[in-house]
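Let's take a friendly walk through a protein together.

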Amino acid sequence: MIIILTEKLYITIMGRYASLFNIYQNLTNLVGYIYKSHRITIMKLNTKSRYAVMALADLAKFSSHKPVSLRDISLRQNISIFYLEQIFLKLKKNNILKSVRGVNGGYVLNRKPDEIKIAEIFSALDEKVKTMACKKDIKKSCTGKLIKCITHNLWDELDIHINNFFESKKLSDLLNKNQNRIL
């Protein structure tokens with residue numbers, strides 16, 4: 001197979017033309033297919049959870065007992081206001097914050113930042129940090145078989161450590177660390 005890169009960003013592969021984008025897209029689809037077929041998951045904290053923590057830290061920093069508008073949080077943290085509305089709706093339902101109506105309205109924390117655990121924020125969003133695809137209460141493991149993979153206990157232990165870490169951290173910890181960084 002001969003691959004020739006031309007000035008027009010086309011690749012000649014066995015006499016056929018395909019744009020770099022199409023090749024990249026096909027490779028991405030192929031990799032996604034491979035990962036889906038093997039049920040591999042990568043540990044990550046989704047954007048909803050990360051943005052919720054960022055927005056609540058911003059709210060705690062700038063509120064000083066007066067409401068903060070979503071617009072202000074959105075601008076400072078570079079988060080879509082529409083996405084923040086969805087997040088704050090769930091946080092409000094779970095009594096982490098409350099809304100104040102009116103011209104000077106916005107949102108305020110329902111409790112002090114040192115009373116709000118990061119794990120509680122994740123729980124309000126129905127999110128949890130996971131390091132593996134299998135669930136503890138299901139007989140089948142991440143391999144799709146009854147026998148768990150050889151590294152299952154390692155990832156399970158890491159899962160426990162990560163969630164205990166978020167259980168021990170509070171919103172006020174973020175504010176204190178940020179102040180120490182500035183000084």
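**A guided walk through the fold**

In β5, tyrosine 107 is the bridge partner of serine 99. Before going on, note that this is a predicted model, in which local features need pLDDT of at least 70, side-chain atom pairs count only at pLDDT 80 or more, and totals for chains, interfaces and linings use all residues. Residues are numbered from 1 along each chain as its sequence is written, and side-chain values use heavy atoms, with hydrogens and water left out.

Now for the strands around that bridge. Strand β4 (residues 97-100) and strand β5 (residues 106-109) run antiparallel and are joined by 4 bridges. Two strands count as paired if DSSP finds at least two bridges between them. The names come from DSSP runs numbered from the N terminus: helices are H or I runs of at least four residues, and strands are E runs of at least two. Together β4 and β5 make a hairpin with 5 residues between them. In its turn, glycine 102 has a positive phi of about 115°.

Let's step back to the whole chain. How many helices and strands does the protein chain have? There are 7 helices and 5 strands, and from the N terminus on they run β-β-β-α-α-α-α-β-β-α-α-α. Of the 183 residues, 27% count as buried. Buried means under 20% relative accessible area, exposed means over 50%, and partly exposed lies in between (1.4 Å probe, protein chains only). Among the contacts with a separation of 6 or more, 58% come from residues 24 or more positions apart; contact here means heavy atoms within 4.5 Å.

Helix α2 (residues 47-63) and helix α4 (residues 81-93) have axes 10 Å apart and meet at an angle of about 80°. The axes are lines fitted to C-alpha atoms, for helices over the stretch in contact, and angles run from 0 to 180 degrees between N-to-C directions. α2 and α4 are therefore roughly perpendicular to each other, since angles of 65 to 115 degrees get that name, while those under 35 count as roughly parallel, those over 145 as roughly antiparallel and the rest as oblique. On the α2 side, the contact involves Thr47, Lys48, Tyr51, Ala52, Ala55 and Leu56, and these meet Tyr83, Leu84, Ile87, Phe88, Lys90 and Leu91 in α4. By class, the contact of α2 with α4 has 9 nonpolar, 1 polar and 2 charged residues. In this scheme Ala, Val, Leu, Ile, Met, Phe, Trp, Tyr, Cys and Pro are nonpolar, Asp, Glu, Lys and Arg are charged, and the others, Gly among them, are polar.

While you are at α2, look for serine 49, which lies in this helix. Is serine 49 buried or exposed? Serine 49 counts as buried because its relative accessibility is 1%. Not counting residues up to four places away in sequence, serine 49 touches Phe122, Leu125 and Glu127.

Past α2, lysine 66 sits in the loop between α2 and α3. Lysine 66 and leucine 109 are 43 residues apart in sequence, yet 9.8 Å apart in space, C-alpha to C-alpha. Leaving aside neighbours within four places in sequence, lysine 66 is in contact with Tyr107 and Val108.

Then comes helix α3 (residues 70-77), whose buried residues are Leu70, Ile73 and Ser74. Seen down the axis of α3, these fall within an arc of 100°, so they line one face of the helix; the arc is that of the directions from the helix axis to the C-beta atoms. An α-helix has 3.6 residues a turn, so residues three or four places apart point the same way. The buried residues of α3 pack against α2, α4 and β5. The face turned away from the buried side carries the exposed residues Arg71 and Leu75.

Most residues other than glycine have a negative phi. Asparagine 78, in the loop between α3 and α4, has a positive phi of about 55° although it is not a glycine. Asparagine 78 counts as exposed, because its relative accessibility is 70%. Asparagine 95, in the loop between α4 and β4, has a positive phi of about 60°. At 49% relative accessibility, asparagine 95 counts as partly exposed.
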